[in-house]
Amino acid sequence: MDRWQAMRIVVKVAETASFAETARHLHMSPPAVTRAVAGLEAAIGARLFVRTTRSVKLTEAGRRYVEDCRRILADIVEAEAAAAGSYATPSGTLAITASVLFGQMHVLPIVTDYLDAYPTMAARTLFVDRQVNILEEGIDVAVRIGHLPDSGFAAARVGSVRRVICGSPGYFERHGVPTTPTDLKDHRIAISTGAFASPEWRFAGDQRVTIHPTLQSNTNEACISAALAGWGLTRVLHYQIGSALRDGRLQIVLADHEPPPLPIHVLSPEGRQAPAKVRSFVDMAVARLRANRLLN
C-alpha cells in the first residue's frame with residue numbers, strides 16, 4: 001500500500017476513532033485498515049494510536065503526525081486541482097464554525113449567500129459555545145470572538161464586541177439605574193452558565209465584582225428574554241441585543257465601566273495555501289463582517 005493511501009487511512013481512523021468505521025468509510029476490510037496503520041507505524045518508528053477493546057485514541061506523536069498528514073493530503077488535492085485547471089474554482093464542502101448566537105445571526109447569512117454565489121458548493125456549519133479544535137474537527141474557517149492564542153493560523157480582524165450590562169426601561173423605572181459596578185448587588189441579575197461564563201465580572205481599571213445571580217440559565221437567550229420582560233439585568237455581548245437596543249426595548253448601563261472590547265477574527269489553518277473554496281469564503285466573510293456597523 002502506498003504511503004499516500006496509508007496516510008488517508010490514519011487520518012480517517014483519527015476522525016472516526018474506529019478501525020471498523022474507517023473500513024466502512026473507505027470501502028476496505030477492517031484487517032486491511034489494521035495492516036495499513038501497523039505498517040505505517042513500523043515505517044516511521046512511532047506508535048500512532050493507543051488501542052483497547054473499547055477505544056482508539058491518538059498518541060501525542062500520532063496527533064502531530066495526523067496534523068501533518070492533513071496538510072500534506074490537502075496539498076495533494078490542491079496540486080491535482082491546479083493541474084486540472086480548477087484551482088480558481090471553489091468546489092467541495094466548506095466547514096465553518098462560530099459561537100451559537102453569532103453564527104446564527106451573522107455567519108449563517110454569509111454562508112447562504114456564498115452558496116448562492118457558488119451553486120456547486122456545499123457547506124457544513126458547527127455553531128457551538130466551546131472552543132473547537134479546527135484541525136481535529138475538520139474545520140476550514142472559524143469565526144472567533146476573543147483574543148487569539150499564537151496558533152500559526154491565518155487570521156483577519158473584522159470587528160469587535162462589547163461586554164454590556166442591560167435591562168429594560170420598565171425595570172429601571174421600578175428599581176433605579178446602577179451607576180457603579182458595586183451597585184449591582186442591589187439588583188436582580190440573570191446569568192448564563194455557558195462554557196465561558198463566570199460569576200466574577202471584570203470592569204475597566206481591573207475592577208472585579210462577584211455576582212450573586214437570582215436566575216441562572218444555560219443559554220444567553222433565556223437571560224436576554226428575562227431582561228426584555230423587565231425581570232432584571234443581564235450581561236451579554238452587545239451584538240446579541242442589537243435589535244432590542246435599536247428599538248429601545250433594552251438599555252445599556254455602566255457603559256463607562258466596560259472592559260476593553262473583544263476582537264473578532266476570521267481564521268483558517270491554511271492561509272495563502274488554502275484551496276479556492278476557503279479563500280473565496282474568507283474574502284466574502286471578511287468584507288461582510290467589516291461592513292457590519294454593529295461590529296465596527
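The points below go from the overall picture to single elements and residues.

1. Overall picture. This is a predicted model, and its secondary structure comes to 9 helices and 14 strands. The C-alpha trace spans about 75 × 45 × 30 Å along its principal axes, and of the 296 residues of the protein 42% count as buried. Among contacts with a separation of 6 or more, residues 24 or more positions apart account for 72%.

2. Helix H1. The 14 residues of H1 (residues 3–16) should span 20 Å at 1.5 Å a residue, and the end C-alpha atoms are 20 Å apart, which agrees. At the start of the helix, a side-chain oxygen of Asp 2 comes to within 3.2 Å of the backbone nitrogen of Trp 4, while just after the helix Ala 17 adopts a positive phi of about 55°. The buried residues of H1 include Gln 5, Met 7, Ile 9, Val 10 and Val 13. An α-helix has 3.6 residues a turn, so residues three or four places apart point the same way. That spacing may be kept in mind when looking at the buried positions Ala 6 and Val 10, or Met 7 and Val 11.

3. Leu 126. This residue lies in strand E4 (residues 122–127) and has a relative accessibility of 19%, so it counts as buried, although the cut-off for that class is under 20%. Leaving out residues up to four places away in sequence, Leu 126 touches Ile 96, Thr 97 and Ala 98, together with Val 132, Glu 137 and Ile 139. Val 66, by contrast, is 60 residues from Leu 126 in sequence and 21 Å from it in space, C-alpha to C-alpha.

4. In soluble globular proteins, nonpolar side chains tend to be buried together. Here the largest nonpolar core has 29 residues, and those with the most contacts inside it are Leu 94, Phe 102, Val 107, Val 143, Val 266, Phe 281 and Leu 289. Two or more residues of this core come from each of E3, H5, E5, strand E6 (154–161), strand E14 (262–268) and helix H9 (276–290). Val 143, with neighbours within four places in sequence left aside, is in contact with Phe 102, Val 107, Val 266 and Leu 289, and also with residues including Thr 97, Ser 99 and His 265. A second, separate core of 23 residues includes Met 7, Val 11, Phe 19 and Cys 69.

5. Ser 168. This residue is placed in the loop between strand E7 (163–167) and helix H6 (169–175), and with a relative accessible area of 5% Ser 168 is buried. Its side chain reaches the backbone nitrogen of Tyr 171 at 3.1 Å. Apart from neighbours within four places in sequence, Ser 168 is in contact with Ala 227, Leu 228, Gly 230, Arg 249 and Leu 250.

6. Asn 220. At 21% relative accessibility, Asn 220 counts as partly exposed. Asn 220 and Asp 256 are 36 residues apart in sequence and 23 Å apart in space, C-alpha to C-alpha.

7. Positive phi values to inspect. Most residues other than glycine have a negative phi, and most peptide bonds are trans. His 27, which is not a glycine, has a positive phi of about 55°; His 27 lies in the loop between helix H2 (19–25) and helix H3 (30–44) and counts as exposed at 74% relative accessibility. Asp 206 also has a positive phi, near 60°, and this residue sits in the loop between strand E9 (200–203) and strand E10 (207–210), where Asp 206 counts as exposed at 56% relative accessibility.

Note on methods
Residues numbered from 1 in each chain as written. Predicted model: local features only at pLDDT ≥ 70, side-chain atom pairs only at ≥ 80, totals over all residues. Heavy atoms only, no water. Helix = DSSP H or I, 4+ residues; strand = E, 2+ residues; numbered from the N terminus. Expected span 1.5 Å × (residues − 1). Buried < 20%, exposed > 50% of the residue type's maximum accessible area, 1.4 Å probe, protein only. Polar contact = N/O pair within 3.5 Å; in protein donor to acceptor, adjacent residues only side chain to side chain. Contact = heavy atoms within 4.5 Å. Core = buried A, V, L, I, M, F, W, Y, C linked by side-chain atoms within 4.5 Å.
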